[in-house]
Amino acid sequence: THSHGAKEERLLVRNEGLPLDLQYLLYAVDRKAAQDGNAEMLGKGGGLNVIQVMEFEQKMSTAHEAHLACISEMKAFWQTFAGRKKRKALALKDVTRACTHLEAYHKMEDIALYEFQTLRNKYPMSLQLLYEYASFAQ
């Protein structure tokens, strides 16, 4: 991210001219602070390792992508019927298309729910997770 790049640039300027062992020490302290910040964000209060952070981010990404796919499928479902002249009966192809979008919606909804429930069980105090889940539930 942009802020991450800016932070690294500040570290390079700050560490310029320092002996290598001191540069490493500063790096280790900054890394530990970042990990503790990630643990706080996930609601674990410091008891978190890099693998857990990566797992959280991967599952959150999967849930978010499934959420966006749900929105797209629901939009496509309604677009199947939108803009049609008032007819007495729908064409079979329109009903089939609508059913396909509905099936895809339910499939992506199941994926998102599974990922959110898995994350809620592991990280019940994560504010990021609670906000994402609330957005999904709306």
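This note sets out, in numbered points, the main features of the structure shown above.

1. The structure is a predicted model. Its mean pLDDT is 79, and 72% of the residues reach 70 or more. Confidence is lowest in helix H1 (residues 2–15), where the mean is 57. It is highest in helix H4, with a mean of 93.

2. Overall make-up. The protein contains five helices and zero strands. Along the sequence, the elements accordingly read α-α-α-α-α. Of its 138 residues, 21% count as buried. Among contacts with a separation of 6 or more, 58% join residues 24 or more positions apart.

3. H3 passes H4 in a left-handed crossing. The residues of this contact comprise 19 nonpolar, five polar and eight charged.

4. The pair H4 and H5. Helix H4 (residues 92–122) also packs against helix H5 (residues 127–137), at an angle of about 155 degrees and with the axes 11 Å apart. H4 and H5 are therefore roughly antiparallel to each other. Their crossing is left-handed. On the side of H4, the contact is made by Glu109, Ala112, Leu113, Phe116, Leu119 and Arg120. On the side of H5, the contributors are Leu129, Glu132, Tyr133 and Phe136. By class, the contact of H4 with H5 has seven nonpolar, no polar and three charged residues.

5. The pair H3 and H5. Are H3 and H5 roughly parallel or roughly antiparallel to each other? Their axes come within 11 Å and cross at roughly 15 degrees. H3 and H5 are therefore roughly parallel, because angles under 35 degrees count as such. The crossing of H3 with H5 is left-handed. Phe56, Met60, His64, His67 and Cys70 of H3 meet Gln128, Leu129, Glu132, Ser135 and Phe136 of H5. These residues divide into five nonpolar, four polar and one charged.

6. His67. This residue is found in helix H3. Is His67 buried or exposed? Its relative accessible area is 9%, so His67 is buried, the cut-off for that class being under 20%. Leaving out residues up to four places away in sequence, His67 touches Ala112, Ser135 and Phe136. Ala112 is one of the H4 residues in the contact with H5, while Ser135 and Phe136 are among the H5 residues that meet H3. The C-alpha atoms of His67 and Glu109 are separated by 6.8 Å, although the two residues are 42 residues apart along the chain.

7. Ala98. Helix H4 contains Ala98. With a relative accessible area of 3%, Ala98 is buried. Which residues does Ala98 contact, leaving aside its neighbours within four places in sequence? They are Phe77, Thr80 and Phe81. Ala98 and Glu73 are 25 residues apart in sequence, and their C-alpha atoms are 9.3 Å apart in space.

8. Val95. This residue also has its place in helix H4. Val95 is partly exposed, because its relative accessible area is 33%, a value between the limits of 20% for buried and 50% for exposed. The C-alpha atoms of Val95 and Phe81 are separated by 8.9 Å, and the two residues are 14 residues apart along the chain. Phe81 is also one of the residues in contact with Ala98.

9. Summary. His67 in H3 is buried.

Conventions. Residues numbered from 1 in each chain as written. Predicted model: local features only at pLDDT ≥ 70, side-chain atom pairs only at ≥ 80, totals over all residues. Heavy atoms only, no water. Axes fitted to C-alpha atoms, helices over the stretch in contact; angles between N-to-C directions. Helix = DSSP H or I, 4+ residues; strand = E, 2+ residues; numbered from the N terminus. Parallel < 35°, antiparallel > 145°, perpendicular 65-115°, else oblique. Left-handed = near helix turned anticlockwise from the far one by under 90°. Contact = heavy atoms within 4.5 Å. Nonpolar A, V, L, I, M, F, W, Y, C, P; charged D, E, K, R; others polar. pLDDT = per-residue confidence, 0-100. Buried < 20%, exposed > 50% of the residue type's maximum accessible area, 1.4 Å probe, protein only.
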